[in-house]
Amino acid sequence: MSKSLEVLLLDDEPIVGRRLKPALDKIGCHVEIFENPIEAVARIDEKEFDIVVTDIRMEKMNGMQVFEHVKKKWPRTKVIIITGYAKMELAREAMEKGIFDFIAKPFRPDDLRQIIARAAQALGTPIDLTLIKD
Amino acid sequence: MHCRAVYGEMIMRILEKFKKITHKEPGIRDFCIQTIRFRKLLENARGLLALLADGNEKVLGEYILDRHYVTSLIDSSVERLGMMIYDACVLVPEFGETLYTQYDRHKRRAGELISQNSPSATKDMEANTNISSDPEYRLLSDVLTWLNGEPSDPGSTVIDFMKQTFVRVLKHIDTGNNSTIELLLSNNVSKAPGSNMFLLDLWEDAVVPSVKPHSPYAINCIPLKLLLMDADGDNLSPLLDDKNKTATWVATASEYQLSLKILEPDCSFHLEATVSRHEPSDFIFIFADTTINTENILPQGFHTEITNYGQLAWKLDTASKDIEDSLISIGRNLSPKTV
């Protein structure tokens, strides 16, 4: 059995982690959820995640700062940004800086699963979305 | 679509300014401007319906959304409603005080929703287990109740207010069918030989009214051509109880847009259509008063709303081909020969 993808999910709105964790568990990801970016960054210092999914607009530390931190510490890690409504321009700029992809709220869990699958492919650990566990 | 809307708004403002600075008040220009403004009213109403549809889709619980989405939905709805009320007040200035009083009430309700920290679990949510109990979803459900719940009194929901405003404007516009004919004739606008239709070029006649009658077949208006494609000439009539009776119409047309209005006393029938092959823009809107049986006129797929004054019907967010086919069917159904 292949190793599960290690995913860190950071969003200061509790609904995001609460709803996304089960959706990502279904495709075999091992997900750690955080609402506080400082705590998330501390965890990133301790552990190399395959994928970091982070909101862009948070208090204390924004998503781009989290991205910069991840890139310094773990260059292999793919970072996916969740943007708020109508923040697409910001997200495009982020992609130019090396973000793997972005997704704008509101979105369906499956939309994120598709991006995660592409990130997994890029990491050399493909996942099969047709085998979603119920 | 946005560029076209901005361009249309810009042209309209120029025309309105042009109207103000000219000493002579050409009634045809006023008529064209009124037609354009009515289409803006429709466009803003359509924007409100799109916001409602988006909220209805999101509330089912499939989406990851945050509070910001919901507050944006509230803000956008208030903004659209405001634009619509502005259009209504330009069309009928005497409605201004009443409409803005009601609009202010909705703005206050919107402010309450945005500032509310513990949204209620509504009856709809309790009944529908598909709706999530997350606070963001509860707030969204409250917003949708404000937008289109069961109205506690007339106009208490945004969509009910929108419909009422529509009907009020239509009623006001329709009181002048006879004076519209007088206006057209006094400005030397005549029907083409053998035609029952006064035809105005929406943009050209708004600037320099033509003294020569336009033929419905000579003017390049795609929706009008489609409407007349299977009709008996331009001899259209919605008065199906009297097959021999023909009706007088005024059509205000541009390449992609048609505003068609009957000019008969005690009868009200409007058709507004855009056919541009750009699906998000294309639509048909019809208003028919209670004397007209729209069942024999409308093809399938129209959303209809019954009011005390008559029936509102529209088709949008569908393939351009469907809009085109519907216009051909409506033309055929309005043609007395086929009744």
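A salt bridge is a side-chain nitrogen of Lys or Arg within 4 Å of a carboxyl oxygen of Asp or Glu. Side chains of opposite charge can pair when their charged atoms come close. What you see above is a predicted model, where local features need pLDDT of at least 70, side-chain atom pairs count only at pLDDT 80 or more, and totals for chains, interfaces and linings use all residues. Residues are numbered from 1 along each chain as its sequence is written, chains are lettered from A in the order in which they are written, and side-chain values use heavy atoms, with hydrogens and water left out.

Let's begin with the charges. Over all chains, a search of the whole structure turns up 28 salt bridges. One of them joins the side chains of D50(A) and R76(A), at 3.1 Å from N to O. D50(A) lies in the loop between α2 (37–46) and β3 (51–55) of chain A and R76(A) in the loop between α3 (63–73) and β4 (78–83) of chain A, so the pair ties together parts that are 26 residues apart in sequence. (Helices, H or I with at least four residues, and strands, E with at least two, are DSSP runs numbered from the N terminus.) D50(A) is buried, at a relative accessible area of 5%, whereas R76(A) is partly exposed, at 37%. Here buried means under 20% relative accessible area, exposed means over 50%, and partly exposed is in between, using a 1.4 Å probe and protein chains only. Chain A also has a network of salt bridges that links E6(A), E32(A), R43(A), E46(A) and K47(A).

Now turn to chain B. D87(B) and R37(B) form a salt bridge whose closest N and O atoms are 2.7 Å apart. D87(B) lies in helix α3 (residues 67–91) of chain B and R37(B) in helix α2 (residues 27–58) of chain B, so this pair ties together parts that are 50 residues apart in sequence. Both D87(B) and R37(B) are buried. Compare that with K58(B) and D54(B), whose salt bridge has its closest N and O atoms 2.8 Å apart: both lie in helix α2 of chain B, four residues apart, about one turn of the helix.

Next come the rings. Rings of Phe, Tyr and Trp (its six-membered ring) pair if their centres lie within 6.5 Å; planes under 30 degrees apart count as stacked, over 60 as edge-to-face and the rest as tilted. The structure holds six aromatic pairs over all chains. Y100(B) and Y103(B) have ring centres 6.1 Å apart and planes at 80 degrees, so this pair is edge-to-face. Both lie in helix α4 (residues 96–115) of chain B, three residues apart. F287(B) and Y309(B), by contrast, are stacked, at 5.2 Å centre to centre with 20 degrees between the planes. F287(B) is buried, with a relative accessible area of 0%. K171(B) lies over the face of Y309(B), 5.4 Å from the ring centre; a charge sits over a ring if NZ of Lys or CZ of Arg is within 6 Å of the ring centre and within 35 degrees of the ring normal.

Finally, how confident is the predictor? Its confidence in each residue is pLDDT, from 0 to 100. Chain B averages 81, and 79% of the residues score at least 70. Over residues 18–25 of chain B, pLDDT stays under 50. Where pLDDT is low, the predicted coordinates should not be read in detail.

Notes: pLDDT = per-residue confidence, 0-100. Contact = heavy atoms within 4.5 Å.
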